[in-house]
Amino acid sequence: MKKFSLSEKEEEKIIRAIQEAERNTSGEIRVHIDAEPNGNHLDIATAVFHSLKMNETKDRNGVLFHVSPKDHNFTVIGDIGIDAVTSEDFWDEIKDTVIKKFKKGKYAKGLVKGIEMAGIALQKYFPYDDEDKNELPDEISWG
């Protein structure tokens, strides 16, 4: 696997993908990249989710794409509002698609595709409404 890195242009593409996805849903999507290896990836992603205040959205419909490059790990989690209305395997196709791109060293393309897929999936359960506000920043967070 190629070393994980994102150029400024790739980061901009990811941010644009988040903004575009959020135009069709009230869901909030964030990307977080951990520079250091972690222990239990689900626990770490959950802690990051809370530290980014993703559990404080109005409809509890935040989605976190958590990348831990040194561990070769990608985790996607959603808040309780999403879990309440979707199947247990809701994230599997998105996760599989992103991981396939990552294995080819196409990190930005993987994240963009996953974000697009999440936006489409969320639109069904949390359609965009004129009253919706962008509740969370769209930029990539690093840890």
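Buried here means under 20% relative accessible area, exposed means over 50%, and partly exposed is in between, with a 1.4 Å probe and protein chains only. Helices (H or I, at least four residues) and strands (E, at least two) are DSSP runs, numbered from the N terminus.

Before going on, the basis. This is a predicted model, in which local features need pLDDT of at least 70, side-chain atom pairs count only at pLDDT 80 or more, and totals for chains, interfaces and linings use all residues. Residues are numbered from 1 along each chain as its sequence is written, and side-chain values use heavy atoms, with hydrogens and water left out.

Back to the strands. For β1, 6 of the 6 residues are buried, so this strand is largely enclosed by the rest of the structure. In β2, 7 of the 7 residues are buried, so β2 too is largely enclosed by the rest of the structure. From β2, Gly62, Leu64, His66 and Ser68 point one way, and Val63, Phe65 and Val67 point the other way.

Now the sheet. What is the order of its strands? The sheet is open, has 4 strands in the order β3-β2-β1-β4, and its pairing is mixed. β3 and β4 (141–142) stand at the edges with a single partner strand each, so one side of each has no neighbour in the sheet. Two strands are taken to pair if DSSP finds at least two bridges between them. β1 and β2 pair in the parallel sense, over 6 bridges. Across that pair, arginine 30 stands opposite leucine 64 in β2, and histidine 32 stands opposite histidine 66 in β2.

Next, the helices on the sheet. Contact means heavy atoms within 4.5 Å. Axes are lines fitted to C-alpha atoms, for helices over the stretch in contact, and angles run from 0 to 180 degrees between N-to-C directions. α4 lies across β2 and β3, and runs at about 155 degrees to β3.

Helix α5 covers residues 107–125, which is 19 residues. From its first C-alpha to its last, α5 reaches 28 Å, close to the 27 Å expected at 1.5 Å a residue; the expected span is 1.5 Å times one less than the number of residues. Which elements do the buried residues of α5 pack against? They pack against α1 (8–22), β1 (28–33), β2 (62–68), β3 (73–78), α3 (80–83) and α4 (92–103). Among those buried residues are Tyr107, Gly110, Gly114, Met117, Ala118 and Leu122.

The axes of α1 and α5 come within 9 Å and cross at roughly 5 degrees. That makes α1 roughly parallel to α5, on a scale where angles under 35 degrees count as roughly parallel, over 145 as roughly antiparallel, 65 to 115 as roughly perpendicular and the rest as oblique. From α1, the contact uses Glu10, Lys13, Ile14, Ala17, Ile18 and Ala21; from α5, it uses Ala108, Leu111, Val112, Ile115 and Gly119.

Last, the loop between α2 and β2. Threonine 57 lies in this loop, which runs between α2 (41–51) and β2. Is threonine 57 buried or exposed? At 4% relative accessibility, threonine 57 counts as buried. Apart from neighbours within four places in sequence, threonine 57 is in contact with Glu28, Gly62, Glu135 and Leu136.

Asparagine 55, in the loop between α2 and β2, is buried as well, with a relative accessible area of 17%. Its side chain makes a polar contact with the side chain of histidine 50 at 3.0 Å. A polar contact is a pair of N or O atoms within 3.5 Å; within protein, one must be able to donate a hydrogen and the other to accept it, and residues adjacent in sequence count only if both atoms are side-chain atoms. Again leaving aside neighbours within four places in sequence, asparagine 55 is in contact with Phe49, His50, Arg60 and Asp79.

Arginine 60 lies in the loop between α2 and β2 and is partly exposed at 27% relative accessibility. Phi of arginine 60 is near 55 degrees, a positive value in a residue other than glycine. Lysine 53, also found in the loop between α2 and β2, has phi near 60 degrees and counts as partly exposed at 47% relative accessibility.
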